[in-house]
Amino acid sequence: MYQVKTYNVISPVGLAKLPASQYAVNKSDDPDALIIRSQDMHTTDFGKNVKVIARAGAGFNNIPLDKANEQGTVVFNTPGSNANAVKELVIGMLILCNRHVIDAVNWSAQLVGADVSLQTEKNKNHFAGHELVGKTIGVIGLGNVGSRVAGAAQQLGMKVVGYDPYISVEHALQLSNQIPRLDSLAELLQQSDFVTVHIPYTEDNRHLIGENEIAMMPKGAVLFNYSRTDIVDDAAATQVLDQGHLQLYVTDFSTQAAVENPKAIVTPHLGGTTEEAEINGAVMAANTIRNFLEQGIIHHSVNMPEMTTPMQYNHRITVMHQNVPNMLGQITTAVANANINIDNLSNQSRETMAYTVIDLNQLDDDTEALIKNLEAIPAVVRVRLLNR
Ligand SMILES: NC(=O)C1=CN([C@@H]2O[C@H](COP(=O)(O)OP(=O)(O)OC[C@H]3O[C@@H](n4cnc5c(N)ncnc54)[C@H](O)[C@@H]3O)[C@@H](O)[C@H]2O)C=CC1
Ligand SMILES: O=C(O)C(=O)COP(=O)(O)O
């Protein structure tokens, strides 16, 4: 029985993909697998028995990949599962903000008395807005979310420019040829009435949009952050709001600087919070966990190499190890010393880590000794034996 532990709200539709005959959910404090969303795993203990962490969602900066690598824990995310949800919220906020709808609705809610319609007609022009057609939106990051935001903004009649020096082939092919990909961030910032950021948080992306970048944006521009805290320097963004250079700062992240500034519009990390996205993410996470635990398949990992060959033989030994010389030699020697014939072997690497998978039709009686010998090889971090 595999033990699975969940953190955050994980859709029961996804959990139902884990057969009760093989998986127990939230029944053990020493789980094999975790399904999480934004739980901060830097401060949440997870033991060596955790073989897999599935992040139902896109961003994985809440998971310490160094620790995961050290103990041989494969980390997955569910790319694209909530991208439509974020796109819809960003486009919704774009329209709401450009028409001052939030202030207008709050104002209407305070109306009392018999002359409500009179007051309305007299004051509505305080909330006169602008249309989006013909305005320029700069989309930073053209992955699952950014490419959808770019496409939707284009359909609204906006001019769209993009910036993503690392765009995947898949997303580059999907992007309309009407959407120019600019060579520099500065070029994008200088020409955009609206800037929206859709990139992962990494050390390199910390404060990608800071004081200097905001200064490059035209006066009266609007900045959206539906990516992560700290990709935009909130202190700088809220300061220029006060100085009037930015018209609005719209963010999904409740930092102190943002919530204290009346000109900042803060949604409480709602981008991926729709029933549909929660189901998509949880279903993908559950399927990913099953494929990995039952067959050793790795697809959509953020720390380990891809290995998508299904289990076609009776037994599979998976060896997670550091990506250093002579590992294959040592692993195959250990198997040969056990007098076992290898039917299929695959070895993939990714940065500092590698994954070797050995398929066998027949095992000898002393499998335990073989597993121990494999585990004893320096640089091996986890060995698993899977049986069909
Ligand atoms: N507010 C929310 O609830 C949600 C927030 N997010 C955030 O949005 C981020 C993006 O999500 P997805 O589009 O699904 O991820 P993705 O991985 O599909 O796309 C990210 C894109 O950013 C690009 N990129 C990376 N660094 C860049 C840089 N310095 N400049 C320009 N482009 C850069 C990559 O090449 C990639 O194309 C996530 O990492 C997460 O932090 C995602 C989903 C929900
Ligand atoms: O998928 C992401 O990166 C998100 O930010 C969504 O986070 P959540 O699953 O709503 O806690």
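Predicted model: local features only at pLDDT ≥ 70, side-chain atom pairs only at ≥ 80, totals over all residues.
Trainee: How far is the side chain of Ser 38 from an oxygen atom of ligand 2?

Mentor: An N or O atom of the Ser 38 side chain is 2.5 Å from a ligand 2 oxygen. Arg 37 has a polar side-chain atom 2.8 Å from an oxygen atom of ligand 2. For Arg 55, a polar side-chain atom lies 3.0 Å from an oxygen atom of ligand 2.

Trainee: And how much of ligand 2 does the protein cover?

Mentor: On its own, ligand 2 has 320 Å² of accessible area, and the protein covers 87% of that.

Trainee: Switching to ligand 1. Which residues come nearest?

Mentor: Asn 144, Val 145, Asp 164, Asn 205 and Asp 252 come nearest, out of 27 residues around ligand 1. By class, that shell has 13 nonpolar, 11 polar and three charged residues.

Trainee: What about the backbone of Tyr 166 and ligand 1?

Mentor: A polar backbone atom of Tyr 166 is 3.2 Å from an oxygen atom of ligand 1. Tyr 226 also uses a polar backbone atom, 3.2 Å from a nitrogen atom of ligand 1. His 269 brings its side chain: an N or O atom there is 3.3 Å from a ligand 1 oxygen. The protein covers 88% of the 850 Å² of accessible area that ligand 1 has on its own.

Trainee: Where does ligand 1 lie relative to domain 1 and domain 2?

Mentor: Between them, because domain 1 (1–82 + 274–304) and domain 2 (83–266) both give residues to its shell.

Trainee: What else is in the domain assignment?

Mentor: Domain 3, covering 309–388. The centres of domain 2 and domain 3 are 50 Å apart, taken over C-alpha atoms. Along its principal axes, the C-alpha trace of the chain spans about 90 × 45 × 35 Å.

Trainee: How many helices and strands in the chain?

Mentor: There are 14 helices and 15 strands. Of the 388 residues, 49% count as buried.

Trainee: Take Thr 318. Buried or exposed?

Mentor: Buried. Its relative accessibility is 2%, and under 20% counts as buried. Thr 318 lies in strand 12, residues 315–322.

Trainee: What does Thr 318 touch?

Mentor: Leaving out residues up to four places away in sequence, Thr 318 touches Gly 296, Tyr 355, Thr 356 and Val 357, as well as Arg 382, Val 383, Arg 384 and Leu 386.

Trainee: And where is Asn 361?

Mentor: In the loop between strand 14 (353–360) and helix 14 (367–375). With a relative accessible area of 35%, Asn 361 is partly exposed.

Trainee: Which residues does Asn 361 touch?

Mentor: Tyr 313, Asn 314, His 315 and Asp 343, not counting residues up to four places away in sequence. Asn 314 is 47 residues from Asn 361 along the chain, yet their C-alpha atoms are separated by 4.8 Å. Across the chain, residues 24 or more positions apart account for 63% of the contacts with a separation of 6 or more.

Notes:
Residues numbered from 1 in each chain as written. Chains lettered and ligands numbered in written order. Heavy atoms only, no water. Helix = DSSP H or I, 4+ residues; strand = E, 2+ residues; numbered from the N terminus. Buried < 20%, exposed > 50% of the residue type's maximum accessible area, 1.4 Å probe, protein only. Contact = heavy atoms within 4.5 Å. Near = heavy atom within 4 Å. Polar contact = N/O pair within 3.5 Å; in protein donor to acceptor, adjacent residues only side chain to side chain. Areas by Shrake-Rupley, 256 points an atom, 1.4 Å probe, with all protein chains shown as cover. Nonpolar A, V, L, I, M, F, W, Y, C, P; charged D, E, K, R; others polar. Domains from an automatic or database assignment.
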